[in-house]
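Have a look at the sequence and the 3D view first, then read on.

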Amino acid sequence: MLSCTNRIESIVRKRLAAEFGTTLPRFDLMAQLERHPEGLTMRELSQRMMVTGGNVTGITDQLENEGLVVRAAHPSDRRAFFVRLTPAGRRLFRRMAVTHERWVIELLAGWSADEKERVHASLASLKAHLASSDTSLAARRS
């Protein structure tokens, strides 16, 4: 699974760089903001992307310098900022998302619909098993 994931990610990274001059982390941050037009705090972005606050700050700085995101003061926390896509950022992200979806469809085209369904069902079963294993491990520690 990891080998296939890494290969797909590598192809997507190369294509994002070649076609849009961007990186996968920048695409991921913009995707989070697209899902939350009201904006997200830097902390929320860090948690959702599972990266450090420093990473989010660096990416946000770049995107802000390019006019793709803006920061706004948080209404109730003077230490926090909301980050939102600008109209230009939203337009660019939508173009990238359509292209990204086409790439993923192309990369998975080697499987029939039945094969995709079987893999999906197998991964869902494994995910459920891992969740129950994690819960039972936590119960034994208590």
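To talk about packing, we need axes: these are lines fitted to C-alpha atoms, for helices over the stretch in contact, and angles run from 0 to 180 degrees between N-to-C directions. Helices (H or I, at least four residues) and strands (E, at least two) are DSSP runs, numbered from the N terminus. Before we start, note that this is a predicted model, where local features need pLDDT of at least 70, side-chain atom pairs count only at pLDDT 80 or more, and totals for chains, interfaces and linings use all residues. Residues are numbered from 1 along each chain as its sequence is written, and side-chain values use heavy atoms, with hydrogens and water left out.

**Helix pairs**

Two packed helices are described by the angle between their axes and the distance between the axes.

| Pair | Angle | Axis distance |
|---|---|---|
| α2 and α4 | about 85 degrees | 10 Å |
| α1 and α2 | about 90 degrees | 9 Å |
| α1 and α5 | roughly 140 degrees | within 11 Å |

Angles under 35 degrees count as roughly parallel, over 145 as roughly antiparallel, 65 to 115 as roughly perpendicular and the rest as oblique.

Start with α2 and α4, whose angle of about 85 degrees makes α2 roughly perpendicular to α4. On the α2 side, Pro25, Arg26, Leu29 and Met30 make the contact (heavy atoms within 4.5 Å). Their partners on α4 are Val56, Ile59, Thr60, Gln62 and Leu63. Sorted by class, this contact has six nonpolar, two polar and one charged residues. In this scheme Ala, Val, Leu, Ile, Met, Phe, Trp, Tyr, Cys and Pro count as nonpolar, Asp, Glu, Lys and Arg as charged, and the others, Gly among them, as polar.

With an angle of about 90 degrees, α1 is roughly perpendicular to α2. Here Glu9, Val12, Arg13 and Leu16 of α1 meet Leu24, Pro25 and Phe27 of α2. That contact divides into five nonpolar, no polar and two charged residues.

Residues in their contact include Ile8, Ile11 and Leu16 of α1, along with Met96 and Trp103 of α5. By class, the contact of α1 with α5 has nine nonpolar, two polar and five charged residues.

**The core**

A nonpolar core is a set of buried Ala, Val, Leu, Ile, Met, Phe, Trp, Tyr and Cys residues joined through side-chain atoms within 4.5 Å. The largest one has 24 residues, and Leu16, Leu29, Met30, Leu33, Leu45, Leu63 and Met96 have the most contacts inside it. Helix α2 gives the most, with six residues. Take Leu63: leaving aside neighbours within four places in sequence, Leu63 touches Arg26, Leu29, Met30, Leu68 and Val69.

Is Val56 buried or exposed? Val56, found in helix α4, has a relative accessible area of 0%, so it is buried; buried means under 20%, exposed over 50%, partly exposed in between (1.4 Å probe, protein chains only). Although Val56 and Met42 are 14 residues apart along the chain, their C-alpha atoms are separated by 6.7 Å.

Met50 sits in the loop between α3 and α4, and at 74% relative accessibility Met50 counts as exposed. Most residues other than glycine have a negative phi. Met50, not a glycine, has a positive phi of about 55 degrees.
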